[in-house]
Amino acid sequence: MQHQSKLPNVGTTIFTVMSALANEHNALNLSQGFPNYTSDQKLNDLVTQAMNNGYNQYAPMAGNLDLRLAISHKYELLYKSTYHPENEITVTAGATQAIYTIISAFIHKDDEVIIFKPAYDCYEPAVILNGGKPLSVQLSAPNYKVNWEEVSSKITSRTKMIIINTPHNPTGTIWSKEDMLKLQNLTKNTNIIVLSDEVYEHIVFDDAKHFSVCLFNDLKQRSFITASFGKTFHNTGWKIGYCCAPNYLMAEFRKVHQFNVFSVNHPVQKGIADYMQNPKTYIGLSEFFQRKRDLFLNLISESRFKFKPSQGTYFQVLDYSDITEEHDVEFAKRLTIESKIASIPLSVFYDKNKDDKVLRFCFAKTEETLIRASEILCKI
């Protein structure tokens, strides 16, 4: 049989490549964004308790109601913003499923979608699969600031969606209040939908504030927020996330959601709902990860790598331009094979293989792992 691929230019993701290389060469894996420590035993016990109490059949399509109520309470507590648990919150099989479903629900053939690069790698393929046309706005090291004049120049009558991500993976930057106001102004009185990927919302540093789209009234009325419990509660393998949006947008989302997933893991939903009754389970994350970031950066302060401290997420970008002129993909592979430490090159997240000589390292690791990693990096 012969068939024409719908994603002819897509191969194995860089995350799979680097993790496989790390396993093959017994290297420390600071490439893929997952913790190498366990989640809270109390949360694990609550999930087990939910199983034992009979939460083992299909959850409601929109998600366990207790969990949707907990999510709604979180937005009221942190942002003084309201999402109705009945018709404005849906629990998903991770944030990636939420993102794919949003794009599938709204993008038609030849609709244009603005994406800021470097970008998490699930955005563009979803647009292409649904017949849309991705338009890129390039962000450059070391600050990765948005050029709003360029964004404005790319908005046309065919622009259907703008995808944003703050705190930003892979660069570790955050959007300012001014950025959000400029986005609000550009999209006001248009039919543009904003997809705001906020999976690292609870991980911002140095007393900075996360500016969610829900803090800006006009933006909120045209926006989806996607979020991830895996990032928040250190259990990425559970693949539980959610999205929030005004009722008129969520109704269209659920039309697609019910046919590609319908509902997700019920006992995990119930366990998380019970766990979230204490807001400290997510409010203290910034301090937890800032200690890890600061430890990592202090340990490599005498290395040949240059850096601006990450503003959010659990990733740190390191500039290696004082070490070698190698392309970042080749340097990342060589570090994995020869120095036994794996990272992610940022050029793969750009359109034209832009190479700023930077690598991304995940510091959601134990103190022992970060010490071992720093010892390697200081020898390079």
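Biologist: Where is isoleucine 283 placed?

Modeller: Isoleucine 283 belongs to helix 12 (residues 280–283). Helices (H or I, at least four residues) and strands (E, at least two) are DSSP runs, numbered from the N terminus. Please note that this is a predicted model, in which local features need pLDDT of at least 70 and side-chain atom pairs count only at pLDDT 80 or more, while totals for chains, interfaces and linings use all residues. Residues are numbered from 1 along each chain as its sequence is written, and side-chain values use heavy atoms, with hydrogens and water left out.

Biologist: What relative accessible area does isoleucine 283 have?

Modeller: Its relative accessible area is 43%, so isoleucine 283 is partly exposed. Buried means under 20%, exposed means over 50%, and partly exposed lies in between (1.4 Å probe, protein chains only).

Biologist: Which residues make the nonpolar surface patch?

Modeller: Leu77, Leu78 and Ile283 make a patch of about 220 Å². Patch members have over 30% relative accessible area and no salt bridge; nonpolar side chains (Val, Leu, Ile, Met, Phe, Trp, Tyr) are joined within 5 Å, and like charges within 9 Å. The areas come from the Shrake-Rupley method with a 1.4 Å probe, and for residues only the protein chains shown count as cover.

Biologist: On to charges. How many salt bridges does a search of the whole structure find?

Modeller: The search finds 16 salt bridges, each being a side-chain nitrogen of Lys or Arg within 4 Å of a carboxyl oxygen of Asp or Glu.

Biologist: With which residue does lysine 270 form a salt bridge?

Modeller: Its partner is aspartate 66, and the closest N and O atoms are 2.7 Å apart. Because lysine 270 lies in helix 11 and aspartate 66 in helix 3 (residues 65–79), this pair ties together parts that are 204 residues apart in sequence. Lysine 270 is buried at 11% relative accessible area, whereas aspartate 66 is partly exposed at 32%. Asp66 and Lys270 are also linked with Asp274 in a network of salt bridges.

Biologist: Which residue meets lysine 117 in a salt bridge?

Modeller: Lysine 117 meets glutamate 124, with an N to O distance of 2.9 Å. Lysine 117 is buried at 6%, and glutamate 124 is partly exposed at 23%. The peptide bond from lysine 117 to proline 118 is cis, with omega near 5 degrees. Proline 118 lies in the loop between strand 3 and helix 5 (123–129).

Biologist: Which residues does the cis peptide bond with omega of about -10 degrees join?

Modeller: That bond joins threonine 166 and proline 167. Proline 167 is in the loop between strand 5 and helix 7. Most peptide bonds are trans, and most residues other than glycine have a negative phi.

Biologist: What is the phi of asparagine 26?

Modeller: Asparagine 26 has a positive phi of about 55 degrees although it is not a glycine. It lies in the loop between helix 1 (14–24) and strand 1 (28–29) and is exposed, at 69% relative accessibility. Threonine 313 likewise has a positive phi, near 70 degrees, but threonine 313 is buried at 0%.

Biologist: Finally, how many disulfides does the count come to?

Modeller: The count is zero, a disulfide being a pair of cysteine sulfur atoms within 2.5 Å. For cysteine 243, the nearest cysteine sulfur is that of cysteine 244, 6.8 Å away.
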